[in-house]
Amino acid sequence: MSTETNTSTAPHSAGHFGRFGGRFVPEALVAALDELTAVYTEAMADVEFTDELSRLLMQYAGRPSLLYDARRLSVELGARVLLKREDLNHTGAHKINNVLGQALLTRRMGKRRIIAETGAGQHGVAAATAAALFDLECTVYMGELDTQRQALNVARMRLLGATVVPVTTGSRTLKDAMNEAFRDWVSTVEHTHYVIGSVGGPHPFPTMVRDFQRVIGAETRQQAQRLLGKLPDAVCACVGGGSNAIGIFYDFLSDTDVALYGFEAGGDGVNTRRHAAAITGGSSGVLHGARSFVLQDADGQTRESHSISAGLDYPGIGPEHAWLHETGRVRYEAVTDEQAMQALQLLCRTEGIIPAIESAHALAGVRSIAPELTLRLGRTPVVVVNLSGRGDKDMETAASWFNLVSESPADRP
Amino acid sequence: MSVREVFASAAAEHRSALIGYLPVGFPNVAESIAAMRTMVAAGADIVEVGVPYSDPVIDGPTIQSAVEIALRAGTRVRDVFAAVEAIAEAGATPMVMSYWNPIERYGVAEFARALSFSGGAGLITPDLLPEEATEWIAASDKYQLDRVFLVAPSSTQARLVSTAAACRGFVYAASVMGATGARDQLSNAAPALARRVRAVTDLPVGVGLGVSNGKQAAQVASYADGVIVGSALVSCLLDASDRDSGQQALHELVVDLAEGVRARP
């Protein structure tokens, strides 16, 4: 893994992406953030560190993940769809890439405890997993509402030895879990590392987490070259905080022929108040340590987000995405709950793959962009979709959405 | 009185200044302003008017509860200006304390202008670092407002120097590594931090670390120019069974604290 940054999006200074990013934190955390920046920079230039990370990714997480030519799905979506199978990673999502990197850094800093926030529980499970592997103490903050939506993941984390703290303040979802994790960190920073799970938060997190997720795009690029003899026409990913998206986009940023699409959670629709689309339906603001796009009211109070997918149910987005939106390099669109669930079912029925509801947003997006890409290219486009996670954790939500466990026949469309 | 005059006159009386925090709109705008008047009457020199914010990541359960109540009651950012006017009228020095996003959303220059016109002395910004504050530094210069950034026990020497240099009015030494809240045992990091700040600036040093009674205030007053109290004041109102007993408890606590800052050992 290399530490070179693409000049078009390199943080200008102190973790700024244009007017976004930066550090909006209490002074008490600055020393820890500076230490983390220094240790991380030094580690990425240390072959021993990058070798150990590569070895873990290969032997423990199961990388490289497959790039799968989804033929039956392609017929349905009007594009040749290649699925980047992050769902096949150990623990079932892309989150493990980042967590292994940060766990190695935790050890390098001599800290013995990690904390994490989690929405769907995928990052929490990944953090608990790395904590077990590295013999670290681990506390995961999770909104009470999410502990109910994702009860299975709570059990997984506890089985792995982590302490799961249900957060009962505010909207009782990911945003409040993050508030609680920050409160913990301010008082424990001396011996605790906060493993932020996405590309949000104060510098260096957005850059560091992106670099740990870059492996997705780097592999995809090579695999596409091998499979197609050229690069794909487009790359699609779902965006909550945006770590799987930036991970697959990053190595394509300078390939201007490759269109990049981020699909936000549109909930009931961006024209309603019940959505989680920070770019499509929000405005510039500061939340959780960085300036980015935020769902907020006229007074700057954070608005509650809504998405059927716990992992996308967050009112902010990583600052680099805000910048990529502003420069126009990536197009961000919203996908509703309904569209995502349809896409989820379609992948199940055509390919025998059950995706996470988060990832289903990216699949649904392909349907909306395929016609214009076809028109522009004059042929069937080749689209890579980052299948960021598997759907086991979402079975309860899916069962109730599709009415799969009632006594009446389950054969709804 | 300006913030500088408050500290100068306290020093002339060989005591520390008493700085009390309450969020505006808790439990509603009118009662919060009445409570701030009570604090002034009982001896607070500076009142920090808190702007309620939906994601108070630096605050412990007491202040979280209070601002949640304030927001549910429909409190708006602009309500701080009424509180600021009332405090000035009652004879104390009003400052505002706010997380950054409400200020940025209001418009930094517009906020500074409105704060200055309502008689506010300045702004305390717990999650804004001087390096991100270019716009606020310009606005506070233009409207001659004090700007108070925080320092912490973990601040390096270089950051103490640069942060103190960016401050005007006083330097806020947040002496506990952790969220806000009253504490039985005071931090032993506080005297050292106050000493370190003094070594790099002539500005007064205000110390906040969970003080909840006059005895603790006296202890802090022995090494700080200003004693900052927040959660304990909020608790008076939060724990009271009715409005009058809350105001009564608040009055008694502020009197006790005001005696404390005059009784430094």
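**Reading aromatic pairs and a chain interface**

Q: In this predicted model, does Phe111(B) count as buried or exposed?
A: Phe111(B) counts as buried, because its relative accessibility is 0% and the cut-off for burial is under 20%. Tyr106(B), at 30%, counts as partly exposed.

Q: How is a pair of aromatic rings described?
A: Two values describe such a pair, namely the distance of the centres and the angle of the planes. Over all chains, the structure holds 13 aromatic pairs. In one of them, the ring centres of Phe20(A) and Phe293(A) are 5.5 Å apart with the planes at 35°, so this pair is tilted. Because Phe20(A) lies in strand S2 of chain A and Phe293(A) in strand S12 of chain A, the pair ties together parts that are 273 residues apart in sequence. Phe20(A) is buried at 0% relative accessibility, and Phe293(A) is also buried, at 10%. For Tyr106(B) and Phe111(B), the centres are 5.6 Å apart and the planes stand at 90°, so that pair is edge-to-face.

Q: Which residues form one aromatic cluster in chain A?
A: The cluster is made up of Phe182(A), Trp185(A), Tyr194(A) and Phe205(A).

Q: What is the area buried between chain B and chain A, and which three residues of chain B supply more of its share than any other three?
A: The buried area is about 2,800 Å², with 46% given by carbon and sulfur atoms. Val57(B), Arg105(B) and Glu132(B) supply 22% of the area that chain B buries against chain A.

Q: How many salt bridges does the rule find across this interface?
A: The rule finds four, and among the salt bridges is that of Glu104(B) with Arg291(A), whose closest N and O atoms are 2.7 Å apart.

Key
Residues numbered from 1 in each chain as written. Chains lettered and ligands numbered in written order. Predicted model: local features only at pLDDT ≥ 70, side-chain atom pairs only at ≥ 80, totals over all residues. Heavy atoms only, no water. Phe/Tyr/Trp six-rings, centres within 6.5 Å; stacked < 30°, edge-to-face > 60°. Helix = DSSP H or I, 4+ residues; strand = E, 2+ residues; numbered from the N terminus. Buried < 20%, exposed > 50% of the residue type's maximum accessible area, 1.4 Å probe, protein only. Buried area = accessible area lost by both parts, 1.4 Å probe. Salt bridge = Lys/Arg side-chain N within 4 Å of Asp/Glu carboxyl O.
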